[in-house]
Amino acid sequence: DKERYLALFAAAGDCRAVGEASTTYLTYPESAAWIQREVPGAKIIILLRNPVSRAYSLYRWMVSQGHEWIGSFERALEVEEERKLDPDFFSGNPHTFYDYLYFASGLYSEQLARYFKAFPASQVKVILLDELMSRPLQTVQEVYAFLDVDPNFSPEIKVHNKTEFRPACIRLISSRSETFCRS
């Protein structure tokens, strides 16, 4: 609920800017309108990655976490349309539905349009990951300027949450239940 959500920021005190991030805010169709309704003055920062590498990375993460049971990325792409149209899969999958849409979640134009419809362009900043990687300090300082905080601050810049592909055990559900691990 809203009170519990706002409580997450209680320790921020009187900071000039405070926020949080979630990749699912871009893919969930209702997120932009919800954010606009609840926090109309929010500044939205959208970081876009090459859709092909993002899709494969998401697939690998889903497998490593045990959320994806399809054994190949190619096969997961083949069944994506079937998954999209299956109401039982929408409500009964073991993880966030939109994370199973490896291809569709990389079609950024519709997702961006929802944010530009809900917010004035002055409240939305789109950054390409390649830009962040090639000019990290300049890019984060542009973000600081967008957020109206000190654009001259120079943070320590390093990679966080770097993942390696380690598939989890996968449970096959059929007439008999089997668990196996891939290396």
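Is Arg 135 buried, partly exposed or exposed, and what is its relative accessible area? Arg 135 counts as partly exposed, with a relative accessible area of 28%, in what is a predicted model of a protein of 183 residues, of which 31% count as buried.

**Overall build**

- The protein holds ten helices and four strands, and these elements, read from the N terminus on, follow the order α-α-α-β-α-α-α-α-α-β-α-α-β-β.
- Among contacts between residues at least 6 apart in sequence, 54% join residues that are at least 24 apart.
- The accessible surface of the protein amounts to about 12,400 Å², and carbon and sulfur atoms account for 56% of that surface.

**Salt bridges**

- The count of salt bridges comes to nine, and among them are the pairs Glu 68 with Arg 83, Arg 135 with Glu 131, and Lys 158 with Glu 156.
- In the salt bridge between the side chains of Glu 68 and Arg 83, the N to O distance is 2.8 Å.
- Arg 135 and Glu 131 form a salt bridge in which the closest N and O atoms are 3.5 Å apart. Both partners are partly exposed, Arg 135 with a relative accessible area of 28% and Glu 131 with one of 24%.
- The side chains of Lys 158 and Glu 156 also meet in a salt bridge, with 3.9 Å from N to O, a value that falls within the 4 Å cut-off for such a pair. Lys 158 is partly exposed at 49% relative accessibility, whereas Glu 156, with a relative accessible area of 67%, is exposed.
- Elsewhere, salt bridges that share partners join Glu 131, Arg 135 and Glu 142 into one network.

**Backbone geometry at Asp 148**

- Asp 148 has a positive phi of about 60 degrees, although this residue is not a glycine. Most residues other than glycine have a negative phi.
- Asp 148 is placed in the loop between α10 (136-146) and β3 (170-172), and with a relative accessible area of 46% this residue is partly exposed.

**The second largest pocket**

- The second largest pocket has a volume of about 250 Å³.
- The residues that line this pocket are Thr 27, Pro 29, Lys 84, Phe 97, Tyr 98, Leu 101, Ala 104, Ser 105, Leu 107, Glu 110, Gln 111 and Arg 114.
- Helix α8 (residues 108-118) supplies the largest share of the lining of the second largest pocket, namely three residues.
- By residue class, the lining of the second largest pocket divides into six nonpolar, three polar and three charged residues.

Note on methods. Residues numbered from 1 in each chain as written. Predicted model: local features only at pLDDT ≥ 70, side-chain atom pairs only at ≥ 80, totals over all residues. Heavy atoms only, no water. Buried < 20%, exposed > 50% of the residue type's maximum accessible area, 1.4 Å probe, protein only. Helix = DSSP H or I, 4+ residues; strand = E, 2+ residues; numbered from the N terminus. 1 Å grid on protein atoms, 1.4 Å probe; cavity = no way out; pocket = protein on both sides within 12 Å on 5 of 7 lines; lining within 4 Å. Points joined across faces, edges and corners; volume = space filled by probe spheres on them. Nonpolar A, V, L, I, M, F, W, Y, C, P; charged D, E, K, R; others polar. Contact = heavy atoms within 4.5 Å. Areas by Shrake-Rupley, 256 points an atom, 1.4 Å probe, with all protein chains shown as cover.
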